[in-house]
Amino acid sequence: MEFNDDAGLDTSQISDKRGIGGGIALGGGGLGVIGVIIYFVISQFSGGGGDASSGLGGFDLGQNEQVGASSLADRCRTGADANRDADCRAVAFINSIQGYWSGQLDGYQVAETNFFSGGVQTGCGNADSATGPFYCPADSEVYIDLTFFTELHDRFGAQGGPFVEGYVLAHEYGHHVQHLVGTSDKVGQSAGAESGSVRLELQADCYAGAWANHATTAPGASGKPLITQVTQDDVAAALDAAAHIGDDFIQKELGGGKVDTTQFTHGTSAQRQKWFSTGYRSGDPQQCDTFNTNDLG
């Protein structure tokens, strides 16, 4: 995939908290126990929701990296910067995803994404990097330690690629949309193969697929589309990532080896692939109704 060299980036949609530090309160659990990007776990702490979701492009997180929105603003001005800088690539994806939803959903409210390292304080409480990327409805913001993409490749075995980063971020913004339209408010904290938590996560995957369908037309800050090309290899990489963060895969390959459907919070690998594909093929968020179907896949 490639970004439009001439398209402008909007770094005001990102708060760079790396190096600032934050409380670490979740503890235990982590990526290999319940799953990636755990909406179910965050809900227990906040009464709201949060999610879950180098061969993935390798974000530059060196010791000398500057921290703060001004450093991103200095480095990330155009799509050309996104083509050569991993931080700027994340900015471009966020701009593209929000550009899509701004045109798709009446009353869409732009949400800030927070880059953090180690731990972070949020409206949903304190979280650490082991939580994975998540959305906090209490402050309507997305949080991600960008080293997650290395973890996704090294620990989970996903093949990676830049477009996987877009899929993960689009999934989180799918939770923002669910919050805006009230879907997440109707979902309890239960787990299980047919649970509301699973249906919520699969819908967010579908929303990510819908964005992917429109990625080459979604406008950035300058009004120009940020992404010029999405290849079948890009889509295949996203589907591969979805397969490596299914509940069954995580329990079998990274847990105790036994699949326990009563503990599902995100859906199986096949289900996550199915619903991303549903959104991608249709390009229509209306096709992402995982709550009124008896066939989750």
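User: How many disulfides does a search of the whole structure find?
Analyst: In this predicted model, the search of the whole structure gives 3 disulfides. Counting bonded cysteines along the chain, their pattern is 1-2, 3-4, 5-6.

User: Which residue does Cys76 join?
Analyst: Cys76 is joined by a disulfide to Cys88, at an S to S distance of 2.1 Å. The angle about the S-S bond is -80 degrees, and the link of Cys76 and Cys88 is left-handed.

User: Where do Cys76 and Cys88 lie?
Analyst: Cys76 belongs to the loop between α2 (69–75) and α3 (79–84), while Cys88 is in helix α4; the pair therefore ties together parts that are 12 residues apart in sequence.

User: Is Cys76 buried or exposed, and why?
Analyst: Cys76 counts as buried because its relative accessible area is 2%, and the cut-off for buried is under 20%. Cys88 is likewise buried, with a relative accessibility of 0%.

User: What about Cys124: what does a disulfide join it to?
Analyst: The partner of Cys124 is Cys136, with the S to S distance at 2.1 Å. This link of Cys124 and Cys136 is right-handed, with 100 degrees about the S-S bond.

User: How many residues apart in sequence are the parts it ties together?
Analyst: They are 82 residues apart in sequence, because Cys206 lies in helix α7 (residues 196–213) and Cys288 in the segment after α10 (269–282). Cys206 and Cys288 are both buried.

User: Switching to helix packing. At what angle do α4 and α6 pack?
Analyst: Helix α4 (residues 86–104) packs against helix α6 (residues 162–181) at about 40 degrees, and their axes are 9 Å apart. The two helices are therefore oblique to each other. The crossing in which α4 passes α6 is right-handed.

User: Which residues make the contact?
Analyst: On α4 the contact involves Arg89, Ala90, Phe93, Ile94, Ile97, Gln98 and Trp101. On α6 it involves Pro162, Phe163, Glu165, Gly166, Leu169, Ala170, Tyr173 and Val177.

User: How do the residues of that contact divide into nonpolar, polar and charged?
Analyst: The contact of α4 with α6 has 11 nonpolar, 2 polar and 2 charged residues.

User: Next, α8 and α10. At what angle do their axes cross?
Analyst: The axis of helix α8 (residues 232–243) crosses that of α10 at roughly 145 degrees, and the two axes come within 8 Å. α8 passes α10 in a right-handed crossing.

User: Which residues of α8 and α10 make the contact?
Analyst: From α8 the residues are Gln232, Val235, Ala238, Leu239, Asp240, Ala242 and Ala243. From α10 they are Ser269, Arg272, Gln273, Phe276, Ser277 and Tyr280.

User: What is the count by class for that contact?
Analyst: The contact of α8 with α10 comprises 7 nonpolar, 4 polar and 2 charged residues.

Methods. Residues numbered from 1 in each chain as written. Predicted model: local features only at pLDDT ≥ 70, side-chain atom pairs only at ≥ 80, totals over all residues. Heavy atoms only, no water. Axes fitted to C-alpha atoms, helices over the stretch in contact; angles between N-to-C directions. Helix = DSSP H or I, 4+ residues; strand = E, 2+ residues; numbered from the N terminus. Parallel < 35°, antiparallel > 145°, perpendicular 65-115°, else oblique. Left-handed = near helix turned anticlockwise from the far one by under 90°. Contact = heavy atoms within 4.5 Å. Nonpolar A, V, L, I, M, F, W, Y, C, P; charged D, E, K, R; others polar. Disulfide = S-S within 2.5 Å. Buried < 20%, exposed > 50% of the residue type's maximum accessible area, 1.4 Å probe, protein only.
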